[in-house]
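Thanks for coming. I will keep this short and go through one model, feature by feature.

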Amino acid sequence: MPGTEKFTFRFYFSTLNQVLEKPKKFFSTLPQESGFKKPLAFLSVSSLFFAVACTVSGMCQNPFLTGSIFLINAIGMVFISAGIGYMAMTMIMERNVTFTRFFSIYAFSAGVTLLASWIPFFIWLTEPWKWWLIGTGLTKACGFSWKQACLVIGVSIVILVLFFKSLIPVIFYVRSLYLDFNSF
């Protein structure tokens with residue numbers, strides 16, 4: 001995966017094929033400085049497919065709004081989880097891994113699994129698969145041991161769950177304000 005080429009659909013399908021067939025080899029050959037462009041473009045294409053598939057299969061009343069929310073959520077969650085994972089890594093270990101390299105592992109892993117995540121109940125397969133791919137990426141591209149990778153992933157998942165669990169009261173409060181406003 002040369003770092004100087006621009007993003008093309010040929011690159012997208014080649015990367016998809018490599019991650020699906022031989023993820024260990026793919027992450028082992030990940031360039032030291034891949035930058036944000038290719039991983040973000042790969043993630044964006046997969047997220048767009050995910051958003052369209054979710055919207056079409058859900059037969060939503062407002063497909064553009066719903067699709068936009070799915071798209072923003074798919075891309076945003078990768079940034080959030082990569083950021084939390086990076087913070088966990090810097091607090092737990094003394095590693096010199098750039099955020100762009102860390103993000104690229106998360107983006108390629110999530111980009112592959114998003115292609116099947118829109119199917120109902122596949123979340124039970126794709127989420128563990130995504131985290132396994134991230135663990136593989138951390139071990140092969142960053143030189144972590146499996147124990148270190150599992151620690152970073154475990155801490156990340158706990159923080160994500162606690163973060164979203166703490167948002168539930170806020171969401172219900174905002175929702176009640178919305179319902180109260182619309183009842184007039």
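First, the ground rules. This is a predicted model, in which local features need pLDDT of at least 70 and side-chain atom pairs count only at pLDDT 80 or more, while totals for chains, interfaces and linings use all residues. Residues are numbered from 1 along each chain as its sequence is written, and side-chain values use heavy atoms, with hydrogens and water left out.

Helix packing, then. Helices here are DSSP runs of H or I with at least four residues, and strands are runs of E with at least two, numbered from the N terminus. Axes are lines fitted to C-alpha atoms, for helices over the stretch in contact, and angles run from 0 to 180 degrees between N-to-C directions. Helix 4, residues 63-92, and helix 5, residues 99-117, have axes that come within 9 Å and cross at roughly 140 degrees. Helix 5 also packs with helix 6, at an angle of about 150 degrees and with the axes 9 Å apart.

What do we call these two arrangements? Angles under 35 degrees count as roughly parallel, over 145 as roughly antiparallel, 65 to 115 as roughly perpendicular, and the rest as oblique. Helix 4 and helix 5 are therefore oblique to each other, and helix 5 and helix 6 are therefore roughly antiparallel. As for handedness, a crossing is left-handed if the near helix is turned anticlockwise from the far one by less than a right angle, and right-handed if clockwise. The crossing of helix 4 and helix 5 is right-handed, and the crossing of helix 5 and helix 6 is right-handed.

Next, charges. Side chains of opposite charge can pair when their charged atoms come close. The rule used here for a salt bridge is a side-chain nitrogen of Lys or Arg within 4 Å of a carboxyl oxygen of Asp or Glu. The count by that rule is one salt bridge. Which residues form it? K130 pairs with E127, and the closest N and O atoms are 3.2 Å apart. The two residues are separated by about one helical turn, because they are three residues apart in helix 6, residues 123-142.

A word on exposure: buried means under 20% relative accessible area, exposed over 50%, and partly exposed in between, with a 1.4 Å probe and protein chains only. K130 counts as buried, at 14% relative accessibility, whereas E127 counts as partly exposed, at 28%. Also in helix 6 is G135, which counts as buried at 0% relative accessibility. G135 and V152 are 17 residues apart in sequence, and their C-alpha atoms are 8.8 Å apart in space.

Now the surface. L20, W129, W132 and W146 form a nonpolar patch with about 400 Å² of accessible area together. Patches are made of residues with over 30% relative accessible area and no salt bridge, joining like charges within 9 Å and nonpolar side chains (Val, Leu, Ile, Met, Phe, Trp, Tyr) within 5 Å. The areas come from the Shrake-Rupley method with a 1.4 Å probe, and for residues only the protein chains shown count as cover. L20 belongs to helix 1, residues 9-21, and counts as partly exposed at 47% relative accessibility. V19, also in helix 1, counts as buried at 1%.

Two loop residues come next. Most residues other than glycine have a negative phi. M59 has a positive phi, near 45 degrees, and sits in the loop between helix 3, residues 37-58, and helix 4. F121, in the loop between helix 5 and helix 6, has a positive phi near 70 degrees. M59 is exposed, with a relative accessible area of 72%, and F121 is exposed as well, with 70%.

Last, two further distances. V19 and P31 are 12 residues apart in sequence and 15 Å apart in space, C-alpha to C-alpha. L179, in helix 7, residues 146-182, is 18 residues along the chain from V161, with 27 Å between the C-alpha atoms. L179 counts as partly exposed, at 46% relative accessibility.

That is the end of my list.
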